[in-house]
Amino acid sequence: MDKRFWICGIVVSVAALLLDFLVHGVLLQPDYAALVPKGIYRGPEEANAYLPYMCAAHLLIGFGLTWLYRKGMEPGRPAFGQGLRFGAAIAAMSTIPGYLIYYAVQPLPAGLVHKQMIFSAIAMLLLGLLLAWLNPARKTL
C-alpha cells in the first residue's frame, strides 16, 4: 500500500461522510424526523452520541472502496467510465440491496426507501468518479 492508497482512503472517507450528511442529514432529514416519535430512528440529540461509530464506518467505506477500486482498475481505459462502472457496481451489490433489506425488516415508508436508494446510489456514483480521478495512470497525486 503506497502513499496514494492512504491519501485516497482518507479523501474518499471524508467525501463519503460529507455525501452521507447531505443525503441523510439534509435531503432526508424531514423524512427521518417524522419517524423519530415512532421510535424507528434516533433523534438528533441521541444520535450525536454515536458519531464515533459513524466516523469509523466512513473510514471503512473510504479505505474499502479505495482498495477495491485499485484492484479492479483497468489501465488504458477511460477513468470516467471506470469510475461510473465501479460506483454502479457497488450500488448494485451493496447500497441498494442494503436498503431493500432494511425495508423488509423495518416498518419504513416505501417513499423514504426509494429516496434512500436513489440518493445513495448517486452518492456511490460520485465516489466512483472521485476514485477514478484520484487513481489515474499518472505518477503523482
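I take helices (H or I, at least four residues) and strands (E, at least two) as DSSP runs, numbered from the N terminus. On that basis I place leucine 22 in helix α1, residues 3-27.

**Ground rules**

I am working on a predicted model, where local features need pLDDT of at least 70, side-chain atom pairs count only at pLDDT 80 or more, and totals for chains, interfaces and linings use all residues. Residues are numbered from 1 along each chain as its sequence is written, and side-chain values use heavy atoms, with hydrogens and water left out.

**Entry: the whole chain**

Read along the sequence, the pattern is α-α-α-α-α-α. The C-alpha atoms fill a box of roughly 55 × 30 × 20 Å along the principal axes.

I then looked up burial, where buried means under 20% relative accessible area, exposed over 50%, and partly exposed in between (1.4 Å probe, protein chains only). Of the 141 residues in the protein chain, 31% count as buried. For areas I use the Shrake-Rupley method with a 1.4 Å probe; for residues, only the protein chains shown count as cover. The protein chain exposes about 8700 Å², and carbon and sulfur atoms supply 72% of that.

For contacts I require heavy atoms within 4.5 Å. Among contacts in the protein chain with a separation of 6 or more, 76% come from residues 24 or more positions apart.

**Entry: leucine 22 and its surroundings**

I list leucine 22 as partly exposed because its relative accessibility is 41%. I also find leucine 22 in a nonpolar surface patch with Phe21, Val26 and Leu27, and the four have about 360 Å² of accessible area together. Patches are made of residues with over 30% relative accessible area and no salt bridge; like charges are joined within 9 Å, and nonpolar side chains (Val, Leu, Ile, Met, Phe, Trp, Tyr) within 5 Å.

**Entry: histidine 58**

Is histidine 58 buried or exposed? I list histidine 58 as buried, because its relative accessibility is 3%. Histidine 58 lies in helix α4, residues 51-72. Leaving aside residues up to four places away in sequence, histidine 58 touches Ser13, Ala16, Leu17 and Asp20.

**Entry: salt bridges**

I count a salt bridge when a side-chain nitrogen of Lys or Arg is within 4 Å of a carboxyl oxygen of Asp or Glu. The structure holds five of them.

I looked up arginine 70 and found a salt bridge with aspartate 2, with the closest N and O atoms 2.8 Å apart. Arginine 70 is in helix α4 and aspartate 2 in the segment before α1, so the pair ties together parts 68 residues apart in sequence. Both ends are partly exposed: arginine 70 at 26% relative accessibility, aspartate 2 at 37%.

Next I looked up glutamate 74. Its side chain meets that of arginine 77 in a salt bridge at 3.1 Å, N to O. Glutamate 74 is partly exposed at 31%, and arginine 77 is partly exposed at 45%. Glutamate 74 also forms a salt bridge with arginine 85, the closest N and O atoms being 2.8 Å apart. This pair links distant parts of the chain: arginine 85 sits in helix α5 (residues 79-105), glutamate 74 in the loop between α4 and α5, 11 residues apart. Through shared partners, the salt bridges join Glu74, Arg77 and Arg85 into one network. Arginine 85 is partly exposed, at 38%.

**Entry: aromatic rings**

I pair rings of Phe, Tyr and Trp (its six-membered ring) if their centres lie within 6.5 Å; planes under 30 degrees apart count as stacked, over 60 as edge-to-face and the rest as tilted. A search of the whole structure gives seven aromatic pairs. For tyrosine 99 and tyrosine 102 the ring centres are 5.9 Å apart and the planes at 80°, so I record the pair as edge-to-face. Both lie in helix α5, three residues apart, about one turn of the helix. Tyrosine 99 is buried at 11% relative accessible area, whereas tyrosine 102 is partly exposed at 43%. I also note that Phe5, Trp6 and Phe63 form one aromatic cluster.

**Entry: a charge over a ring**

I require NZ of Lys or CZ of Arg within 6 Å of the ring centre and within 35 degrees of the ring normal. The charged end of arginine 42 sits over the ring of tyrosine 50, 3.9 Å from its centre.
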